[in-house]
Amino acid sequence: MVADWETRAKTKRDAILNSIPEKWRLQKIPTPEEQKDVTSSYIQQFLDEKEIAITETDAVGIAEKVAAGEWSAVEVTQAFCHRASLAHQLVNCLHETFFDAALESAKSLDAYFAKNKKTVGPLHGVPVSLKDQFHVKNVETTMGYVGWIGTFEGSADDLRKGQYESEMVRELRALGAVLYCKTSVPHTLMSGETINNIIGYTWNPKNRYLCSGGSSGGEGALISLRGSPGGFGTDIGGSIRIPAAFNGLYGIRPSFGRLPYEGMANSMDGQNSVLSVVGPLATTARSVRLLTKAILSEKPWLHDPLVIDMPWRDTQEQAIHNIVKSSSQGGRLSFGVLKTDGIVNPQPPVARAVSMLAEALSKAGHQIIEWKPPSHKTILDITFMTWGYDGGKDVHGAFALSGEPMSPQIKMSFGDGPKQELTASQIAANNIEKRKYQKQYLDYWNSTAQLTQTGQPVDGFICPLAPYPAARPELYKYYGYSVFVNGLDYTSVVVPVTIADKTIDKYADGYTPINEQDKEASEAYDADLYDGAHVSVQIVGRRFTEEKMLAIAEYVGSLVGK
């Protein structure tokens with residue numbers, strides 16, 4: 001079995017690399033010591049001026065250029081296929097490439113435009129990358145499992161193999177998007193670091209001593225290197241927001257039921273207490289908005305039974321714009337600020353980013369109050385319990401298909417073998433506790449109306465997304481700052497704020513950790529190693545406030561120069 005899984009993994013790994021045209025191969029991959037940061041000027045040296053111009057334009061700009069006839073879908077697609085190929089060689093971020101199919105799609109789009117003098121849809125000619133949970137016709141989905149190679153989600157006899165497409169894939173094609181690659185994930189999806197036995201470890205392009213995040217880590221790394229203008233990940237415990245934050249990107253974790261998950265591969269399918277959601281991450285807030293609004297224009301509620309009938313709401317978005325425009329006349333937003341959850345304090349760069357954002361909003365005339373919610377520990381215990389409903393049966397069963405070993409990052413959560421499954425009564429009791437806590441948090445949020453100058457509850461609250469700017473390998477140990485959002489099913493956006501600075505981002509002399517978890521996090525910090533890493537925060541809104549939070553993200557990003 002050992003030789004078998006290793007051979008299968010190597011064959012697949014080699015196939016991914018061999019799918020990259022020879023002319024795009026790099027002769028030498030520098031070590032992190034030789035080149036810590038492979039973004040910007042480093043990767044630009046392998047591209048021509050036109051390729052750089054195209055790939056460093058955001059999704060909105062690309063859509064506009066193609067719609068105006070200034071760029072063809074084919075030249076845009078070729079540029080991103082080239083840059084994605086470079087990105088994979090530098091940081092291990094791809095599971096699948098299908099460049100020839102992408103170019104055929106682009107040719108068809110160009111032919112349509114030439115004939116009809118109009119675009120197919122709002123994403124006409126825009127390359128979109130996909131996390132390796134999406135099923136795409138004639139493209140494999142392994143989700144990082146060696147045992148899924150050559151199968152449909154582990155089944156060799158399933159007739160859907162190679163033929164089936166996820167609902168969102170169909171919608172993206174209808175909107176004119178060009179699909180060209182699928183990105184790396186940690187096997188099981190249940191980690192803030194991206195690692196599997198097929199491609200190895202996905203590194204952070206800005207600082208290759210650090211991880212790219214997870215589980216949509218390939219998306220984060222690829223988009224950070226501008227190998228994609230935007231793509232889709234999923235989030236059950238932070239898996240969109242963590243890679244967005246670690247890679248200096250914008251991202252959104254929508255509430256469950258807003259965007260279609262129908263037909264995607266997943267772990268622990270059928271666990272319905274805290275559900276994974278799908279959402280976009282991109283280089284700009286307006287690109288995340290474009291991708292979200294475009295999908296909603298396809299009326300996904302007609303095709304996914306779990307999506308609610310809620311078209312894009314311009315009024316929510318416009319309300320934020322109106323307040324911002326009237327700020328000189330006293331119009332203001334209000335935000336809570338959570339500097340620590342009292343379990344693990346954020347490392348110095350993250351603490352500074354939270355303060356920077358709060359200060360920028362305050363300086364712009366908006367109100368900031370301290371966020372003092374019910375203890376997050378309660379919802380963390382509830383949410384972590386949901387991941388153990390089946391005792392790890394699903395996860396361990398997937399590893400057993402090939403006999404491959406589980407990475408330490410996953411073993412931390414799932415151990416060496418399946419445990420006792422929870423009973424229906426235990427699951428029901430956990431669901432009741434979750435509902436009670438959601439009500440407590442809702443009541444607390446409403447109570448903030450007594451503290452704001454507007455007399456309305458806060459518009460959102462600012463807090464860390466993780467204790468780390470980005471975690472060091474095998475040291476992502478605390479997920480509390482992301483997971484509580486999933487337990488509450490709130491909408492959350494990630495905003496890049498600054499970069500780590502070794503000269504100012506230091507623990508106070510004599511810092512005393514508040515507990516063992518905080519001790520682990522503080523000891524994992526190294527100011528020199530982290531220097532130059534992206535530092536981001538999240539802004540959390542109520543359920544189903546996607547339009548509002550994206551408008552806030554774009555505005556807040558402008559305040560901090562991002």
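Start at helix H13, which gives the most to the lining of the largest pocket, with 4 residues. This is a predicted model.

**Stop 1: the largest pocket**

Select helix H13 (376-386), helix H15 (408-414) and helix H17 (480-488); each supplies at least two residues of the lining. The space in this largest pocket is about 610 Å³. Its lining counts 29 residues, and those closest to the centre are Phe-384, Trp-387, Met-412, Ser-413 and Tyr-479. Colour the lining by class: 13 residues are nonpolar, 12 polar and 4 charged.

**Stop 2: the second largest pocket**

Go next to Tyr-261, Gly-263, Met-264, Asn-266 and Asp-269. These are the closest to the centre of the second largest pocket, out of 27 lining residues. The volume here is about 470 Å³. By class, the lining has 13 nonpolar, 9 polar and 5 charged residues.

**Stop 3: the annotated site**

Zoom in on Lys-131. Its place is in strand S2 (residues 127-131). Is Lys-131 buried or exposed? It is buried, with a relative accessible area of 0%. Show its contacts beyond four places in sequence: among them are Lys-182, Thr-183, Glu-219, Phe-232 and Thr-234. Ser-215 and Ser-239 also touch Lys-131.

Move to Ser-215. It lies in the loop between strand S5 (200-201) and helix H8 (217-224). Ser-215 is buried too, with a relative accessible area of 1%; buried means under 20%. Its contacts beyond four places in sequence include Ser-184, Pro-186, Ser-191 and Thr-194, as well as Lys-131 and Ser-239. Which backbone oxygen lies 3.2 Å from a polar atom of the Ser-215 side chain? It is the backbone oxygen of Leu-189.

**Stop 4: the cavities**

The structure holds 2 cavities of 30 Å³ or more.

For the second largest cavity, select Ala-245, Phe-246, Val-350, Leu-465, Ala-466, Tyr-468, Pro-469 and Ser-536, which line it. About 30 Å³ of space lies inside. What is the make-up of this lining by class? It has 7 nonpolar residues, 1 polar residue and no charged residues.

**Stop 5: Val-344**

Select Val-344, in the loop between strand S9 (334-337) and helix H12 (348-363). Val-344 counts as buried, at 0% relative accessibility.

**Last stop: the annotated domain**

Zoom out and select residues 75-550, where the unreviewed UniProt entry places the feature "domain: Amidase". Over this range the chain is 37% helix and 13% strand.

Methods. Residues numbered from 1 in each chain as written. Predicted model: local features only at pLDDT ≥ 70, side-chain atom pairs only at ≥ 80, totals over all residues. Heavy atoms only, no water. Buried < 20%, exposed > 50% of the residue type's maximum accessible area, 1.4 Å probe, protein only. Contact = heavy atoms within 4.5 Å. Polar contact = N/O pair within 3.5 Å; in protein donor to acceptor, adjacent residues only side chain to side chain. 1 Å grid on protein atoms, 1.4 Å probe; cavity = no way out; pocket = protein on both sides within 12 Å on 5 of 7 lines; lining within 4 Å. Points joined across faces, edges and corners; volume = space filled by probe spheres on them. Nonpolar A, V, L, I, M, F, W, Y, C, P; charged D, E, K, R; others polar. UniProt positions renumbered as here; feature names shortened; annotations may be inferred.
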